[in-house]
Amino acid sequence: IRLTYIDHAMFLLQTPGGLSAVTDYNGYLGPTDFVPDVVTMNRAHSTHWTASPDPAIPHVLPGWNTEGPGPVDHYVDLGEMIVRNVPTNIRGGFGTTPVLGGNSIFVFEVEGLCIGHLGHLHHVPSDAQFAAMGRLDVVMAPVDGGMTLMLPEMIETLQRLRSSIVIPMHWFSTTSLDAYQEVMQGDFRIDVRTERDLKVSLRALPSDPTVVVLRPRFLGYNDGTGPE
């Protein structure tokens, strides 16, 4: 599976058979006409969703219930890829009550791998939510340290998941990224790369849990690392 870090919390997943999915899609992938098969969205902030997704996208999966209160349930079987969600809550603004089911952790099952995207996670998942996620071989985790989970809570979550590969996302400066790496290096190997993409297979997962740092870049630039 090829994973490409586009921007903020957006990743492109591409299968060997040509299926593609974009996480936390906000409507802009870059100067490209590329249309993914699936996009997922979360609504905590406008940078994680759009009210006007490209109508050519076959499957648009909001991480919240657009029909009313309560969680949403997605299970999309595309043959080579299954996309499902685990609902979580988001904080209410200015002391208001949390929005139940306002965020979703999306899980992509493909080529024997389970790849998870934590979205705009606001709380440590419950035992039931960890069980619903199952074993995640690869996880994309927000490491801003405040807008989502505080760093100790994020570390607690990742230590429990014990994924083979953790890809940090939702970082706003190298300061927050460095702070995350410093804390994680006690339990995880750190692999800092200059590329925006990573190829992953079940047979080639690292033997030790590893944080792989990618550098985001929009699609459409002729650098050979994404659909042009």
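Select Leu29: this residue is buried, with a relative accessible area of 7%. Buried means under 20% relative accessible area, exposed means over 50%, and partly exposed lies in between, using a 1.4 Å probe and protein chains only. The model is predicted, so local features need pLDDT of at least 70 and side-chain atom pairs count only at pLDDT 80 or more, while totals for chains, interfaces and linings use all residues. Residues are numbered from 1 along each chain as its sequence is written, and side-chain values use heavy atoms, with hydrogens and water left out.

**Stop one: around Leu29**

Leu29 sits in the loop between β3 (20-22) and β4 (38-41). Strands (E, at least two residues) and helices (H or I, at least four) are DSSP runs, numbered from the N terminus. Now show what surrounds Leu29. Leaving aside neighbours within four places in sequence, Leu29 is in contact with Ile6, Met10, Val22, Phe34, Pro36, Phe218 and Leu219. Contact means heavy atoms within 4.5 Å. Next, pick Asp7. The C-alpha atoms of Asp7 and Leu29 are separated by 8.2 Å, with the two residues 22 apart along the chain.

**Stop two: His8**

Move to His8, in the loop between β1 (2-7) and β2 (10-14). His8 counts as buried, at 14% relative accessibility. Its phi is near 60°, a positive value in a residue other than glycine. Which side chain makes a polar contact with the side chain of His8? Select His48: the two side chains make that contact at 3.3 Å. A polar contact is a pair of N or O atoms within 3.5 Å; within protein, one must be able to donate a hydrogen and the other to accept it, and residues adjacent in sequence count only if both atoms are side-chain atoms. Beyond neighbours within four places in sequence, the contacts of His8 are Thr47, His48, Met169, His170 and Phe172.

**Stop three: α2 and α3**

Select helix α2 (residues 151-161) and helix α3 (residues 174-184). Their axes come within 11 Å and cross at roughly 50°. On the α2 side, the contact is made by Leu151, Ile155 and Leu158; on the α3 side, by Ala179, Tyr180, Val183 and Met184. 

**Last stop: Arg162**

Finish at Arg162, in the loop between α2 and β11 (165-169). Arg162 is partly exposed, with a relative accessible area of 37%. Phi of Arg162 is near 50°, again a positive value in a residue other than glycine.

How values were computed:
Axes are lines fitted to C-alpha atoms, for helices over the stretch in contact, and angles run from 0 to 180 degrees between N-to-C directions.
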